[in-house]
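Visitor: I am new to this structure and would like to learn how to read it. Could you walk me through a few features?

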Amino acid sequence: LSAFPLKYKLYFARPDVPRGVDAAVAHEIAIEMGFDCAKYGSVRQALGAARQNAQSDDLVFVGGSVFVVAEVLALFGF
């Protein structure tokens, strides 16, 4: 998280896999670091919120684990 500027809004969600880390863990760390952030019950919900809050010239970056990225790709039919 230290690689991201504090001006970024972060959206946390646990991937739908048994070994997925609870979003609350990363969310609490981000809050302690001073980020504006939120946690969601699913990757779909987090992505939806990020897209809804993004301005037309914003970039929505999806990161974390390969499992998170795979869920997002699946939402778009990849």
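Visitor: Which residues is Val-21 in contact with, leaving aside its neighbours within four places in sequence?

Guide: Contact means heavy atoms within 4.5 Å. By that rule, and leaving aside neighbours within four places in sequence, Val-21 is in contact with Arg-14 and Pro-15. Please keep in mind that this is a predicted model, where local features need pLDDT of at least 70 and side-chain atom pairs count only at pLDDT 80 or more, while totals for chains, interfaces and linings use all residues. Residues are numbered from 1 along each chain as its sequence is written, and side-chain values use heavy atoms, with hydrogens and water left out.

Visitor: Where does Val-21 lie?

Guide: Helices (H or I, at least four residues) and strands (E, at least two) are DSSP runs, numbered from the N terminus. Val-21 sits in the loop between strand 1 (9-13) and helix 1 (23-33). Asp-22 belongs to the loop between strand 1 and helix 1 too.

Visitor: Is Val-21 buried or exposed?

Guide: Buried means under 20% relative accessible area, exposed over 50%, and partly exposed in between (1.4 Å probe, protein chains only). Val-21 has a relative accessible area of 57%, so Val-21 is exposed. Asp-22, at 47%, is partly exposed. For His-27, found in helix 1, the value is 9%, so His-27 counts as buried.

Visitor: What does His-27 touch, not counting residues up to four places away in sequence?

Guide: With those residues not counted, His-27 touches Phe-12, Cys-37, Ala-38 and Lys-39.

Visitor: At what angle do helix 2 and helix 3 pack?

Guide: Two packed helices are described by the angle between their axes and the distance between the axes. Axes are lines fitted to C-alpha atoms, for helices over the stretch in contact, and angles run from 0 to 180 degrees between N-to-C directions. Helix 2 (residues 43-53) and helix 3 (residues 66-75) pack at about 70°, and their axes are 10 Å apart. Helix 2 and helix 3 are therefore roughly perpendicular to each other (65 to 115 degrees). Val-43, Arg-44 and Leu-47 of helix 2 make the contact with Val-68, Glu-71, Val-72 and Leu-75 of helix 3.

Visitor: How much space lies in the largest pocket?

Guide: Rolling a probe the size of a water molecule over the atoms shows where empty space is left. On a 1 Å grid over the protein atoms alone, using a 1.4 Å probe, a pocket is an open set of points with protein on both sides within 12 Å along at least five of seven lines; lining residues have an atom within 4 Å of a point. About 1,000 Å³ of space lies in the largest pocket.

Visitor: Which residues lie nearest the centre of the largest pocket?

Guide: Of the 33 residues that line the largest pocket, Leu-10, Tyr-11, Phe-61, Val-62 and Gly-63 lie nearest its centre. Strand 1, helix 1, helix 2 and helix 3 are the elements that give two or more residues to this lining.

Key: Parallel < 35°, antiparallel > 145°, perpendicular 65-115°, else oblique. Points joined across faces, edges and corners; volume = space filled by probe spheres on them.
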